[in-house]
Amino acid sequence: MSSWKTRANLGWLRALPGVKEDEPLASRTSFGIGGPADFFLEVARPEACEKAIEGCCEHGIPYLLLGAGTNLLIADKGVEGLVIRIVNREHQIEGTRVRAGAGLKMMRLARIVADANLRGFEFAIGVPGSVGGAVYQDAGCWGKELREVLVDAEGYVPGKGPQRWSPIQLQLGYRTSALRDGALKGALVVAATVQLQRGDGEEAKQLMARLTRERNETQPIKTKNCGSVFKNPPGDSAGRLVQAAGLKGMREGAAVVSTLHGNFIVNEGGATAADVRRLIDNVMAEVRRRFGAELEPEVEMVGRWK
Ligand code: EPU
């Protein structure tokens, strides 16, 4: 039994308003894969989320912050402790600045700002995750990343309280940040503010429609997937390397390297996290063997793997 599972801790967790026990998570990921959370809490009010995180830290209970689950592989045995999902989806527009709740989807925000005749956020129509998730890993598409428009992000650090972080403090870089890989690990993103430009919303919508058509043709977005599996190595492309190694169509169980785009793994139905992980390892080993290139997973693997 895990050491945090004391009577007192279980009692505290069960008393959290709205908490669910042994809650399935697979349907909360775009992959449709993964076991249950020991405890699961979905809240719109940041204060409720902050209180839960603070409590976990005080009680020594592990916790995981879940966004839209679009870049995530959850282990088949599920996730230890408390999984918390913030679903605040509000937004405010002041002139050319837009503040959005962490739970709002990037694609939804892209449409909202186009309706408000703002430009510079069209790339977000290709980002499947939430605003919070986009801050967490500096999400981007078509060569444009969140950091290029981000003014700041509001969040919460357990033990320190509410914070406001500049892009520099967030250490945003290609699919990385201090939240994902640095000093802010475990901190909650509550909202983000972006700076856009005034422009023609209809043109923005036309551009987004064209980009979406392109994405439909080049990425297997109709099948369950986790977005790009690997980061692009500097100066190269993971998809190109996987294709050149002849690995498109390679499979483990129901997990298959997409025949459309080499940097996607699709869940044909019923794939396990273990299948996906084996496939990732096999692809990495083969690309290493053929080209001496080291692929680094972009998808985050969480939960109990052993
Ligand atoms: N390519 C191949 N074979 C393939 C796939 C791609 O040769 O099977 C080649 C393409 O011909 C192109 C190059 O690789 O010359 C790059 O491919 P693509 O334009 O499809 O973009 P990507 O680098 O694979 C990146 C992001 C995507 C984003 C697209 C669209 C990463 C890891 N991925 O993909 O982001 O949607 O650009 O701009 O940076 C994500 O991060 O989850 C994601 C989907």
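**Which residue in the hairpin of β6 and β7 takes a positive phi?** G95 does, with a value near 65°, in a hairpin that has two residues between its strands. A friendly note before the other views: this is a predicted model, in which local features need pLDDT of at least 70 and side-chain atom pairs count only at pLDDT 80 or more, while totals for chains, interfaces and linings use all residues. Numbering starts from 1 along each chain as its sequence is written, and side-chain values use heavy atoms, with hydrogens and water left out.

**View 1. Strand β7 and its partners β6 and β13.** Helices (H or I, at least four residues) and strands (E, at least two) are DSSP runs, numbered from the N terminus. Two strands count as paired if DSSP finds at least two bridges between them. β6 (residues 91-94) and β7 (residues 97-101) run antiparallel and share four bridges; look for H91, whose bridge partner in β7 is A100. β7 is also joined to β13 (residues 188-195) by five bridges, again antiparallel, and here V98 stands opposite V194.

**View 2. The shell around the ligand.** Here you can find 19 residues surrounding the ligand, the closest being W142, Y174, N232, S237 and Q243; a residue belongs if one of its heavy atoms lies within 4 Å. By class, the shell holds five nonpolar, ten polar and four charged residues. Nonpolar means Ala, Val, Leu, Ile, Met, Phe, Trp, Tyr, Cys and Pro, charged means Asp, Glu, Lys and Arg, and the others, Gly among them, are polar. Helix α8 (residues 238-244) gives the largest share of the shell, three residues.

View 3. The side chain of Q243 has an N or O atom 2.6 Å from a nitrogen of the ligand.

View 4. β16 meets β17 (residues 255-257) through two bridges, and E252 has A255 as its bridge partner. Axes are lines fitted to C-alpha atoms, for helices over the stretch in contact (heavy atoms within 4.5 Å), and angles run from 0 to 180 degrees between N-to-C directions.

**View 5. The mixed sheet β1-β2-β5-β3.** This open sheet has four strands, and its edge strands are β1 (20-24) and β3 (63-66). On average, neighbouring strands are turned by 45° against each other, direction ignored. β3 pairs with β5 (residues 79-86) in the parallel sense over four bridges, and L65 stands opposite I84. Helix α2 (residues 46-59) packs on the sheet, touching β2 (36-43), β3 and β5, and its direction makes about 160° with that of β5.

Methods:
Polar contact = N/O pair within 3.5 Å; in protein donor to acceptor, adjacent residues only side chain to side chain.
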